Amino acid sequence: FASVLIAFKNWSKDSEQRRGSHVIIWICRLLIGAQWFQGCLWKLPLPVSDGFRYWTGQMGEHAAFAFHRELVKSVYLPFITIIDPLVFLAELVFAVSLMLGISVRFVAIVAAVYSLHLWLGLYRHPGEWPWNYMFLAIVHVQFAVYAAGRSLGIDALIHRRAPNNVLTRLVAQTG
């Protein structure tokens with residue numbers, strides 16, 4: 001709902017935002033954000049999600065590289081009560097950022113790296129098609145490169161209103 005209000009505000013205040021390309025980018029950003037939101041729900045740490053524990057264990061068995069499998073077994077699994085809430089919050093941040101269009105460039109880069117971690121972590125799993133995660137990383141790279149938050153998002157509002165000084169130009173550039 002908030003994303004629709006933000007898009008409407010951009011649409012009504014800036015005729016440039018009324019282009020079809022901005023609408024398509026906004027819809028894609030909203031859908032990928034919804035995907036992250038849905039994905040974070042089964043990781044809700046109360047105290048540790050059974051699904052998260054299972055899939056983390058699967059990464060320990062099926063990661064593409066031995067050092068990755070060892071990292072999962074020796075760090076992730078022993079500290080899963082700390083990692084689960086961090087992963088939940090990270091995915092929630094990805095969702096909120098994309099749906100509202102705030103700090104999309106930075107968050108999209110982090111989400112791309114995170115997706116590549118999942119790609120390599122589940123690369124040899126017999127029941128997964130790991131390339132889904134590669135495609136997700138590619139989408140996030142495109143969101144970062146094309147400043148997708150500036151398409152009917154909060155980043156567009158910030159960019160349009162940013163005073164002309166070095167600090168705000170830098171912040172607006174990353175948004």
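Pro47 sits in the loop between H2 and H3, where helices are DSSP runs of H or I with at least four residues, strands are E runs of at least two, and numbering starts from the N terminus. The peptide bond that joins Leu46 and Pro47 is cis, with omega about -10°. Another loop, the one between H5 and H6, holds Ser103. Phi of Ser103 is near 55°, a positive value in a residue other than glycine.

The model is predicted, so local features need pLDDT of at least 70 and side-chain atom pairs count only at pLDDT 80 or more, while totals for chains, interfaces and linings use all residues. Residues are numbered from 1 along each chain as its sequence is written, and side-chain values use heavy atoms, with hydrogens and water left out.

The protein chain has nine helices and zero strands. Its pattern along the sequence is α-α-α-α-α-α-α-α-α. The C-alpha trace spans about 50 × 30 × 30 Å along its principal axes.

Two packed helices are described by the angle between their axes and the distance between the axes. Here axes are lines fitted to C-alpha atoms, for helices over the stretch in contact, and angles run from 0 to 180 degrees between N-to-C directions. Angles under 35 degrees count as roughly parallel, over 145 as roughly antiparallel, 65 to 115 as roughly perpendicular, and the rest as oblique.

Helix H1 (residues 2–13) packs on helix H2 (residues 20–41) at about 165°, with the axes 12 Å apart. That angle makes H1 roughly antiparallel to H2. Their crossing is right-handed; a crossing has this hand if the near helix is turned clockwise from the far one by less than a right angle, and is left-handed if anticlockwise. H1 contributes Ser3, Val4, Ala7 and Trp11 to the contact, and H2 contributes Val23, Trp26, Arg29 and Leu30, contact meaning heavy atoms within 4.5 Å. By class, the contact of H1 with H2 has six nonpolar, one polar and one charged residues. In this scheme Ala, Val, Leu, Ile, Met, Phe, Trp, Tyr, Cys and Pro count as nonpolar, Asp, Glu, Lys and Arg as charged, and the others, Gly among them, as polar.

The axes of H3 and helix H4 (residues 66–76) come within 6 Å and cross at roughly 140°, which makes H3 oblique to H4. The crossing is left-handed. On the H3 side the contact is made by Thr56, Met59, Gly60, Glu61 and His62, and on the H4 side by His68, Arg69, Val72, Lys73 and Tyr76. These residues divide into three nonpolar, four polar and three charged.

H3 and H5 pack at about 105°, with their axes 11 Å apart, and are therefore roughly perpendicular to each other. Phe52, Arg53 and Thr56 of H3 meet Ile80, Ile83, Asp84 and Val87 of H5. Four of the contact residues are nonpolar, one is polar and two are charged.

The largest pocket has a volume of about 590 Å³. On a 1 Å grid over the protein atoms alone, a pocket is an open set of points where a 1.4 Å probe fits, with protein on both sides within 12 Å along at least five of seven lines, and lining residues have an atom within 4 Å of a point. Grid points are joined across faces, edges and corners, and a volume is the space filled by probe spheres set on the points. The lining has 23 residues, of which Lys43, Glu91, Tyr114, Leu118 and Tyr133 lie nearest the centre. H2, helix H3 (50–62), helix H5 (80–100), helix H6 (104–121) and helix H7 (131–145) each give two or more residues. The largest share, five residues, comes from H6. By class, the lining has 15 nonpolar, five polar and three charged residues.
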